[in-house]
Amino acid sequence: MIKPHSDSDWLDAAARLSLRGRPLSAPNPSVAAILVKDARVIGRGWTQAGGRPHAEALALEQAGTAAQGATAYVNLEPCAHTSDRGPACADLLAKSGIARAVIGQLDPDPRTSGQGAQRLKAAGISVEVLDHPASRRALAGYLTRQTKGRPHVTLKLGISLDGKIALADGTSQWITGEEARAHVHSRRAMADAILVGGQTWRSDAPRLDVRLAGLEDRSPQRVVLTRGIAPDGVKIINTPAQISGLDSVQYLYVEGGAQTAASFLSEDLIDRLEIYRAPIVIGNGLDCLGDFGLETLSEAHGRWCLAERRALGSDLFEAYERRNTQGTARQ
């Protein structure tokens with residue numbers, strides 16, 4: 001007997017679907033909507049490039065009159081504000097005839113916050129708001145930007161078993177294998193901007209682009225942490241704290257080097273660690289991290305929660321997310 005899908009299952013599906021719009025939906029969050037009737041999907045959509053059309057509008061257009069009596073699953077509260085680019089999604093859903101809406105996260109944007117759900121309720125629609133983990137993770141960049149005024153920051157490290165990123169002379173190509181390197185490019189394609197330190201920029205001249213067939217247009221904006229100069233088209237910041245000035249960036253991908261990684265950790269600006277561990281031992285090499293002010297082991301414990309682990313060829317990929325004070329992963 002096949003177990004029927006729960007509300008959480010449908011929101012999980014919406015969260016996965018929303019990733020199709022990341023990061024092209026910027027400056028809007030990438031949202032997904034799935035319309036379900038009689039346990040069957042009758043419409044779905046995700047935020048398109050540049051932020052419009054919105055997910056709800058696309059899902060309703062696909063469903064047509066079949067939306068009558070359906071349930072809408074949306075990973076973010078439908079917007080309550082209109083613009084010259086289209087009506088509020090809460091109003092579209094209110095007029096569509098849906099019977100129920102299940103929302104993964106309320107929108108912290110003051111133009112909507114709670115008002116989208118209230119408009120649906122006022123139209124006689126049953127509304128449930130869940131603090132849904134997958135929805136929260138899929139919206140991590142938007143939520144961090146709205147609540148903290150900065151991008152969601154991922155630190156990527158490619159290391160040997162003994163925590164080295166290069167030989168003593170700086171040689172680092174290639175620690176990891178082809179599968180891991182391809183995965184890094186897929187992660188770059190999910191970021192609005194990619195950052196390296198000035199020393200890495202000067203010594204390695206990295207391209208910092210996406211080199212996967214069909215995804216070349218997803219290459220992120222390039223940022224260098226330095227007090228020096230950089231070519232046209234490359235943004236410079238002098239300190240990690242200045243990422244608050246990257247106004248259009250929801251997802252920042254930090255690739256190194258060691259001192260840059262340490263400086264972001266010392267400023268408590270890392271939300272996610274992504275580690276690619278190669279089955280090699282280097283010994284006398286360059287450490288993956290510089291000093292970031294840790295004084296006791298008690299300060300190190302309890303900071304990170306394992307979120308993902310997989311093999312990539314002969315390499316191991318691990319992702320860790322920050323814990324909140326209750327000991328659960330946060331975004």
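Predicted model: local features only at pLDDT ≥ 70, side-chain atom pairs only at ≥ 80, totals over all residues.

**Cavities, cores and cysteines**

In total, two cavities of 30 Å³ or more are counted. The largest holds about 70 Å³ of space, and 13 residues line it, of which R22, S25, S30, Q250 and Y251 are the closest to its centre. Seven nonpolar, four polar and two charged residues make up this lining.

Nonpolar side chains tend to be buried together in soluble globular proteins. Here the largest nonpolar core has 24 residues, and L35 and I98 touch the most other members. At least two residues of this core come from each of β1 (32–37), α2 (55–63), β3 (71–74), β4 (100–103), α4 (115–122) and α6 (140–148). Helix α2 provides the most, with four residues. Beyond its neighbours within four places in sequence, L35 is in contact with residues including V41, I42, A59, L60 and A72. Another core, of 23 residues, lies apart from the largest one and has L155, I159, A261 and C288 among its members.

C288 is buried, at a relative accessible area of 15%, and C89 is also buried, at 1%. How many disulfides are there? The count is zero. For C89, the closest cysteine sulfur is that of C79, at 3.7 Å; because a disulfide requires sulfur atoms within 2.5 Å, this separation is too far for a bond.

Notes. Residues numbered from 1 in each chain as written. Heavy atoms only, no water. Buried < 20%, exposed > 50% of the residue type's maximum accessible area, 1.4 Å probe, protein only. Core = buried A, V, L, I, M, F, W, Y, C linked by side-chain atoms within 4.5 Å. Contact = heavy atoms within 4.5 Å. 1 Å grid on protein atoms, 1.4 Å probe; cavity = no way out; pocket = protein on both sides within 12 Å on 5 of 7 lines; lining within 4 Å. Points joined across faces, edges and corners; volume = space filled by probe spheres on them. Nonpolar A, V, L, I, M, F, W, Y, C, P; charged D, E, K, R; others polar.
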